[in-house]
Amino acid sequence: MTIMTARFACILLGGCLAASLFSGPVFALGNDNSTMPTCKKGEIYDQKTKKCVKQQGANVSDENRTDYAYSLAKAGRYEEALAMLDTVKDQNSAEVLNYRGYATRKLGRTDEGISYYLQSVKMDPQYAKVREYLGEAYVIKGRLDLAKEQLTTIKAICGTGCEEYQDLNAAILDPSKI
């Protein structure tokens, strides 16, 4: 009976482990550090309650809204990301400007994206993520000289091991990766 009990326990444990792998929330795509799930249109993920809530009347912070907009953009929902950024009270932050630049660039409006990135850089010259995205925009425009300048700046900010440096370097070496 003990062998049978052990087998049953192993099967039960394996089933529980398998079920737990498939029952988590859906996360935004991308290799960034964002782990915020995306919700259906008209909702926002509330970081405090850890669930999706109706966007209308949602009492979430500007930081929550900004982070959620980035998750939407990384999931390819660029128009929704821009609409979410429009709900942020403080439009003049490096992150809001960077994510606005990212979404507009991904929509094909590269020059507009660059203008947002440059505003973000003025606000926070040590913000490596905006430098990466600005460099990628320069690659799209065929300005590898300017992209390499951003790569050099990123190296000074966080070294060659950080994600921003590695991603921009890969984009410079192979623009099809953007």
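The protein exposes about 10300 Å², of which carbon and sulfur atoms supply 56%; accessible areas follow the Shrake-Rupley method with a 1.4 Å probe, and for residues only the protein chains shown count as cover. The model is predicted, so to speak of local features requires pLDDT of at least 70 and side-chain atom pairs count only at pLDDT 80 or more, while totals for chains, interfaces and linings use all residues. Residues are numbered from 1 along each chain as its sequence is written, and side-chain values use heavy atoms, with hydrogens and water left out.

Eight helices and two strands make up the protein's elements, in the order α-β-β-α-α-α-α-α-α-α from the N terminus. Helices (H or I, at least four residues) and strands (E, at least two) are DSSP runs, numbered from the N terminus. Of the 178 residues, 40% count as buried, meaning under 20% relative accessible area with a 1.4 Å probe, protein chains only.

Turning to one helix pair, the axes of H2 (residues 62–74) and H3 (residues 78–86) come within 7 Å and cross at roughly 170°. H2 is therefore roughly antiparallel to H3, a term for angles over 145 degrees; axes are lines fitted to C-alpha atoms, for helices over the stretch in contact, and angles run from 0 to 180 degrees between N-to-C directions. Among the residues that meet here are Tyr68 and Leu72 of H2 and Met84 and Leu85 of H3, where contact means heavy atoms within 4.5 Å.

Thr66 lies in H2 and is buried, at 7% relative accessible area. Its contacts, not counting residues up to four places away in sequence, are Leu85, Val88, Glu95, Val96 and Tyr99.

Definitions and conventions:
Buried < 20%, exposed > 50% of the residue type's maximum accessible area, 1.4 Å probe, protein only. Parallel < 35°, antiparallel > 145°, perpendicular 65-115°, else oblique.
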